[in-house]
Amino acid sequence: METRLRRPTAALIGVLSVGAALAAGHLVAAFVGINASPYLAVSNSMVDLSPPWLTEFGKQFGPEWDKKLLFAGIAVGIAGFAVAAGLLSRRSAVPGVVVAVVLGAVAVAAVLFRPDLGQLAVLAPLTTFVVGAAVFRWLHRLAMDAADGVDTTLDRRRFLITSGGVAAGFGLAAIAGQVLGTRVDIEASRRAVGPIVPDRPAPPVPATADFSSAGTPTFITPNSRFYRIDTALTVPRLRAEDWALRIHGLVDTELELDFADIAGRELVERVVTMTCVSNEVGGDLISTAAFTGVPMRELLAEAGVRPEAGQVYATSVDGWTTATPVADMMSEERGALLAIGMNGEPLPVEHGFPARVVVPGLYGYVSATKWVVDLELIRDGEKTFYWQDRGWAKEAPIKTQSRIDAPRAFQNLPAGKVTIAGVAWAQTVGVETVEVRVDGGVWRAAELAAEVNDQTWRMWRLVVDLPPGNHRAEVRATDASGHTQAEERVPPIPDGATGWHSILFTVS
Ligand SMILES: Nc1nc2c(c(=O)[nH]1)N[C@H]1C(S)=C(S)[C@@H](COP(=O)(O)O)O[C@H]1N2
Ligand SMILES: [Mo]
């Protein structure tokens, strides 16, 4: 009679070998670049290959959750694949080995397409492939011996002990890889940099700049609450002492600047409201900080921008790219920065430590490169960049918008006076008026908080007297160029959402 493995045994062999394979690859990746870990490399490729609807769907869960969900989804996918490989191999080990080859090939491809990994990185997926195939054949042989009816008890015990050993071994390898791979002590590098003190501080933000007591955000967003958007599944860990920025392309003199050079220059502080193009009407992908750094205008002038240059093409250490019009980078009023400080501290790691670009008035995806390492002056449209390749606009100035923060949607308020409050923004020109209407009535001008500068949001509030019942509040802003927000809802893709924000609430 032909020997056949029981289904649970076959599935277990599949899962154990794939687990061992990925863990071994993760451990090797700790030495050649953690992103070479086949599990991370495949996950990163999934991010880059995701269709726009999926990326936008993911962003709803917030910066931390969308990443956790992706990792969990990929783990489930791989486990399913492993179970299938095991079940296909109930008679012969060949299908399982073929699966290991396929998995290895996918991982090699994923690593080769990573811009931030060297040639050596291929060792990680190769390890995955070799370990996967070897563990699979080994466990399969033991399980077959246990199933063939001769010496069954002894063979079965041997199979169970080996399986347990493999599981424990790969658990340890995965943990060791994680610990070693993230051993670069990035916080130590941040501490060594110390507080970032501007030579030219921004004027202090007056206490009257926000209506946080009425429910708006604070004017300056604490670093820990600043919105975060990026494609990095593992935050780049680039130490200040290892960082350098190359400015090249259509310039007279190529520059290579290190952190000490930047930190030693005259540092300018600017209060800027950053906004993400994916921010839905009413969304919270908008925050404000006092950024400190060197004006991009000075750095570019030092390199000498040739007249034929139209865009600054920026690349981060993990290969994310964007392009910004030279005119916006060079404009004195706009005041683009190569920032190294955020609210007095070195940039937090998630916000681009050690250096990033900040260009007031442009959505982040066309300007705000975190972990920036390369600025290339190119002819206009000479190359496309990360989000442009995924259907978003080549140029994207921030659109005038407003949002209601209080009352909260569906909040139930006591009868009497109700304060409606929120924020409005029209970076580079400034907010002129904010109007609110309730239940489709007349538009009433809201009180505006003190204006800080043209590159930041502005808080507003209005006290209304409302009878008990359900109510609907709507808001619209008019900017200093005379443009009033249109009612119609426009989705974020390709160059930013517009439309009036409205909320429903109850007074009783
Ligand atoms: N390296 C890198 N820089 C990046 C991104 C990214 O994915 N990678 N995302 C951009 C986008 S879409 C936005 S809105 C801002 C967000 O910056 P924050 O996370 O500091 O708020 O960073 C920009 N810079
Ligand atoms: Mo963004």
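Student: Which residues are linked in a network of salt bridges here, and how should I read such a feature?
Tutor: Side chains of opposite charge can pair when their charged atoms come close. In this structure Glu187, Arg190 and Glu345 are linked in a network of salt bridges, a salt bridge being a side-chain nitrogen of Lys or Arg within 4 Å of a carboxyl oxygen of Asp or Glu. Please keep in mind that this is a predicted model, in which local features need pLDDT of at least 70 and side-chain atom pairs count only at pLDDT 80 or more, while totals for chains, interfaces and linings use all residues, and that side-chain values use heavy atoms, with hydrogens and water left out. Residues are numbered from 1 along each chain as its sequence is written, whereas chains are lettered from A and ligands numbered from 1 in the order in which they are written.

Student: How many salt bridges does the whole structure hold, and which residue does Arg306 pair with?
Tutor: A search of the whole structure finds 26 salt bridges. Arg306 pairs with Asp252, and their closest N and O atoms are 3.4 Å apart. Because Arg306 sits in the loop between helix H10 (296-303) and strand S5 (311-316), and Asp252 in the loop between strand S1 (244-249) and strand S2 (255-258), the pair ties together parts that are 54 residues apart in sequence; helices (H or I, at least four residues) and strands (E, at least two) are DSSP runs, numbered from the N terminus.

Student: Is Asp252 buried or exposed?
Tutor: Asp252 is exposed, with a relative accessible area of 56%, and Arg306, at 32%, is partly exposed; buried means under 20% relative accessible area, exposed over 50%, and partly exposed in between (1.4 Å probe, protein chains only).

Student: Where does the partner of Arg476 lie?
Tutor: Arg476 in strand S18 (residues 469-479) forms its pair with Glu435 in strand S14 (residues 431-438), 41 residues apart. The closest N and O atoms of that salt bridge are 2.9 Å apart, and both Glu435 and Arg476 are buried.

Student: What is the order of the strands in the open sheet?
Tutor: Strands of a sheet pair through backbone hydrogen bonds, either parallel or antiparallel. Here 4 strands form an open sheet in the order S11-S13-S17-S16, with antiparallel pairing, where two strands pair if DSSP finds at least two bridges between them. Strand S11 (401-406) and strand S16 (447-448) stand at the edges with a single partner strand each, so one side of each has no neighbour in the sheet. Strand S13 (residues 416-425) and strand S17 (residues 458-466) are joined by 9 bridges, and Ile420 has Leu462 as its bridge partner in S17. S11 and S13 pair over 5 bridges, with Val423 in S13 as the bridge partner of Arg403. Since 6 of the 6 residues of S11 are buried, S11 is largely enclosed by the rest of the structure.

Student: Finally, how many residues surround ligand 1?
Tutor: Ligand 1 is surrounded by 19 residues, the closest being Tyr227, Thr231, His351, Arg356 and Lys370; a residue counts if one of its heavy atoms lies within 4 Å of the ligand. An N or O atom in the side chain of Lys370 is 2.5 Å from an oxygen atom of ligand 1, and a polar backbone atom of Thr231 is 2.9 Å from an oxygen atom of the ligand. Taken alone, ligand 1 exposes 530 Å², of which the protein buries 99%, with accessible areas from the Shrake-Rupley method with a 1.4 Å probe.

Methods:
A polar contact is a pair of N or O atoms within 3.5 Å; within protein, one must be able to donate a hydrogen and the other to accept it, and residues adjacent in sequence count only if both atoms are side-chain atoms.
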